[in-house]
Amino acid sequence: MSEPLIRHYGPRAYADHPPFSYPDYRSTVKRSPTHDLVEIVQTLSETTGPGQAWAEISEEDSDLTTNTGTGSPAIGERIIVTGRVLDENGQGLPGTVLEIWQANASGRYAHWRETEFPAPLDPNFVGVGQCLTDSDGGYRFTTIKPGPYPWGNHPNAWRPSHIHFSILGPSLGARLVTQMYFPGDPLIPLDPIFNSAPPHAGGRMIATYDHEVTEENWALGYRWDIVLRGELATPTHGGAD
Ligand SMILES: [Fe+2]
């Protein structure tokens, strides 16, 4: 059993995150708090718990093109998504659990509540994966580039291609739920979820195409670093959309 990793976090940088209520993103209005927030002093529990949760993660979990176990690869544009998870001082965070979920190449989620978008499911793609950061805070996924999909927020509303990320470091103070976008996507400026992030921070959610990550005759590569706290923090993006 290793020693708990104790870190002291600065105050949350609210100016770098979306407001709790953002009327253009309709569902935020009902789910946002209507009273002032109560700041809770961080104690040892927030800076050390719940501890690393890596026992259940295997190497196969990080390849969404094959992790269905059907023996057939998923359909779509195979991509590699890699980067580092960093704390507010730019230090890589080892032992961080990353969980991702996403639509398939057609923009369809393999989820029972998804019934209205007439796009095909892929029996060889469930759209969920997980991995653990290495000693330098690095992570790497192989997946399919997700398609855009309509979401009913407003007339002719389409989400840009995106991958949902949940990042759980060794403590509750290192938890982030957010989304990664792809460079050059024309739907990004039209997306109220993306636009709910402050303009100076929104670009932190867009990955970079990286030819060094791209593998010949195999997959295009994207790089995306995630900063959990501090003035360069990646904006939080919750919700189910
Ligand atoms: Fe989504």
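**Figure 1. Strand β8 is a mostly covered edge strand.** In this predicted model, five of the seven residues of β8 are buried. Strand β8 covers residues 175-181 and pairs on one side only. On that side sits β7, residues 162-168, running antiparallel to β8 and tied to it by seven bridges. Two pairs make handy landmarks here: L168 has R175 as its bridge partner in β8, and I163 has M180. To get from β7 to β8, the chain goes through a hairpin of six residues.

**Figure 2. Here is the whole four-stranded sheet that β8 belongs to.** Reading across, the strand order is β3-β2-β7-β8. The sheet is open, and its strands pair in the antiparallel sense. Its edges are β3, residues 128-132, and β8, residues 175-181.

Figure 3. How many of the residues in β7 are buried? Five of its seven are, so this strand is mostly covered. With β2, the pairing is antiparallel and runs over five bridges. For a specific spot to look at, find E99: its bridge partner in β7 is S166. With β8, the pairing is again antiparallel, over seven bridges.

Figure 4. T96 lies in the loop between β1 and β2. Is T96 buried or exposed? It counts as buried, because 29 C-beta neighbours fall inside 10 Å and the cut-off for buried is 20 or more. Leaving out residues up to four places away in sequence, T96 touches V85, L132, T133, G137, I167, L168 and G169. One of these, L168, is also the bridge partner of R175 in β8.

**Figure 5. I226 and L228 have the most contacts inside the largest nonpolar core.** That core has 37 residues. Which elements give it two or more residues? They are β1 (78-86), β2 (97-101), β3, β4 (138-144), β7, β8, α3 (192-195) and β11 (226-227). Strand β1 gives the most, with four residues.

Figure 6. As background, most residues other than glycine have a negative phi. N156 isn't a glycine, yet its phi is positive, at about 55°. You'll find N156 in the loop between β5 (149-150) and β6 (158-159). It is exposed, with 7 other C-beta atoms within 10 Å. N217 is also a residue other than glycine, and its phi is positive too, near 60°. Its place is in the loop between β9 (208-209) and β10 (220-223). With 4 C-beta neighbours inside 10 Å, N217 counts as exposed.

**Figure 7. Finally, step back to see the chain that holds all these views.** The protein chain has four helices and eleven strands. Its radius of gyration is 18 Å, close to the 18 Å that the globule rule gives for 241 residues, so the chain is as compact as a globular protein of that length. Along its principal axes, the C-alpha trace spans about 50 × 45 × 35 Å. Buried residues make up 34% of the 241 residues. As for contacts with a separation of 6 or more, 72% of them link residues 24 or more positions apart.

Terms used. Residues numbered from 1 in each chain as written. Predicted model: local features only at pLDDT ≥ 70, side-chain atom pairs only at ≥ 80, totals over all residues. Pairing = 2+ DSSP bridges. Buried ≥ 20, exposed ≤ 12 C-beta atoms within 10 Å, placed from the backbone. Core = buried A, V, L, I, M, F, W, Y, C linked by C-beta atoms within 7 Å. Rg over C-alpha atoms; globule rule 2.2 N^0.38 Å. Contact = placed C-beta atoms within 7 Å.
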